[in-house]
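Work through the exercises below with the sequence and the model open. Each task is followed by a solution in steps.

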Amino acid sequence: MKNFVEELKWRGMLAQMTPGTEELLLRERVTAYLGTDPTADSLHIGHLCGIMMLRHLQRCGHKPIILVGGATGMIGDPSGKSQERNLLDAEVLYHNQECIKRQIAKFLDFDGTAPNKAEMVNNYDWMKDFSFLDFAREVGKHITVNYMMAKDSVQKRLNGEAHDGLSFTEFTYQLLQGYDFLYLYRHMQCKLQLGGNDQWGNITTGTELIRRTLGPEHEAFALTCPLITKSDGKKFGKTENGNIWLDRSRTTPYKFYQFWLNVSDDDAAKYIRIFTSLEKEEIDSLGARHAEAPHLRILQKRLAQEVTTMVHSKEEYVAAVVASDILFGNATPDVLAGLDEPTLLEVFDGVPTFEVAREELAVGIKAVDLTTANAAVFASKGEMRKLVQSGGVSLNKEKLTVFDRVISTRDLLADKYLLFQRGKKNYYLLIAK
């Protein structure tokens, strides 16, 4: 088996671990789990470091468990938060967890008969019939309030700027997460919990609960990955428009691909280690080639290829590359016509747009009139005629050969859009309404 700890170290994915963790992983096949709360119907790229930890764990011969927090998702975790989460009902949580299952199946092998095949569990299954009195007797008595109060996640909320305090609901979260670890230790021989470094307090509460409940001879272990940031120190995964999601209905594969393609050189060198399964030798080779010709963006292109293919598919990756070439390459009219509406709008996000009357297109309107009187693509009809004559105007990626060509609804992309191109770089999107 490969050394999981060494794998994480060279990839920059190890923050801290309890003593004896590496020795345990070298001694035996270890079952380890990572939890995620189903607070949305999709994971976003902020979750990817943890999911990749599980992927590398399985590749190193160990058994990964992903815990979907159907129960803890109803509570809300104070770790790294400035205010309490909204509580979700059971129906929403079930929907969210089913969506998350489908996404994680792209990263882990859940099939076959291998002893280290991945499994998914839901803590709602063992918490739903656990009464408050049983919980207080079986769990609460083992962990003191003093121990819980000393956790950084609790202290930050109590001493934070929000001054909203910390509800009892949130305060008990670390006990609930600790009980998850105890349950999995008892029933699935799970000895290791993985998570982000902001979860260190919750995870070590679990190791302590196991020791105090079952006895000092029962050892459990913790390992965390660092908080991933951008080279400018800002939080990774956030854009001006919010999170980059794994679900294509929230973030299109094109936009997802573009996010990775546009990271800085420093970030690309870091992210390609964390978010791909490429081996060290290949990554080092890519880095050397990138250093020789940074303008070719070799690291960014390979990073975008690997992550987009893994999260979506090879076909979606190829489609994203093709969509990118529409702006910067020589895409054909057929390629443009093949774009779905969300991708079309994202490819041309930021270009000047004009609304035109569908009624006029229904009967037909000359291009020279449409692009001057109806939409200010050109300053005058004379300018438009000259550019058409010199081959400098395209409609939907096809050269206009006559300035008075009749434009109709048959020319619409996605039954709604017309794309005019003036010269090589100037695009204009007309929207039929």
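**Exercise 1. Two packed helices**

Which residues in α12 meet which residues in α15?

Solution. The model is a predicted one. Begin by locating the helices: α12 covers residues 253-261 and α15 covers residues 298-311. On the α12 side, the residues that meet α15 are P253, F256, Y257, W260 and L261. Their partners in α15 are Q300, K301, L303, A304, V307, T308 and V311. Next, describe the packing. Two packed helices are described by the angle between their axes and the distance between the axes. For α12 and α15 the angle is about 145° and the axes are 8 Å apart. The crossing of this pair is right-handed.

**Exercise 2. Classify a crossing**

Decide how α10 and α11 are oriented to each other, and list the residues that meet.

Solution. Helix α10 takes in residues 173-188, and helix α11 residues 200-214. Their axes cross at roughly 55° and come within 8 Å. The crossing is right-handed. The contacts from α10 are made by Y173, Q174, Q177, G178, Y179, F181, L182, Y185 and R186. They meet N202, I203, T205, G206, T207, L209, I210, T213 and L214 in α11.

**Exercise 3. A buried leucine**

Solution. L192 lies in strand β5, which spans residues 190-196. Its relative accessibility is 0%, so L192 counts as buried. Leaving out residues up to four places away in sequence, L192 touches T21, L25, V30, T31, A32, Y33, F181, F221, A222 and L223.

**Exercise 4. The nonpolar cores**

Find the largest nonpolar core and follow one of its residues.

Solution. The largest core has 58 residues. I45, F107, L194, W260 and F275 have the most contacts inside it. Take F107: beyond its neighbours within four places in sequence, it is in contact with L48, I51, M52, R55, L246, M310 and V311. A second, separate core has 27 residues, including Y33, F135, M148 and Y179.

**Exercise 5. Positive phi in a loop**

Locate A414 and D415, then give the phi and accessibility class of each.

Solution. A414 is in the loop between β13 (406-407) and β14 (417-422), and D415 lies in the loop between β13 and β14. Phi is near 50° for A414 and near 60° for D415. Each value is positive in a residue other than glycine. With 44% relative accessibility, A414 counts as partly exposed. D415, at 48%, also counts as partly exposed.

Note on methods. Residues are numbered from 1 along each chain as its sequence is written. This is a predicted model: local features need pLDDT of at least 70, side-chain atom pairs count only at pLDDT 80 or more; totals for chains, interfaces and linings use all residues. Side-chain values use heavy atoms; hydrogens and water are left out. A nonpolar core is a set of buried Ala, Val, Leu, Ile, Met, Phe, Trp, Tyr and Cys residues joined through side-chain atoms within 4.5 Å. Buried means under 20% relative accessible area, exposed over 50%, partly exposed in between (1.4 Å probe, protein chains only). Contact means heavy atoms within 4.5 Å. Axes are lines fitted to C-alpha atoms, for helices over the stretch in contact, and angles run from 0 to 180 degrees between N-to-C directions. Helices (H or I, at least four residues) and strands (E, at least two) are DSSP runs, numbered from the N terminus. A crossing is left-handed if the near helix is turned anticlockwise from the far one by less than a right angle, and right-handed if clockwise.
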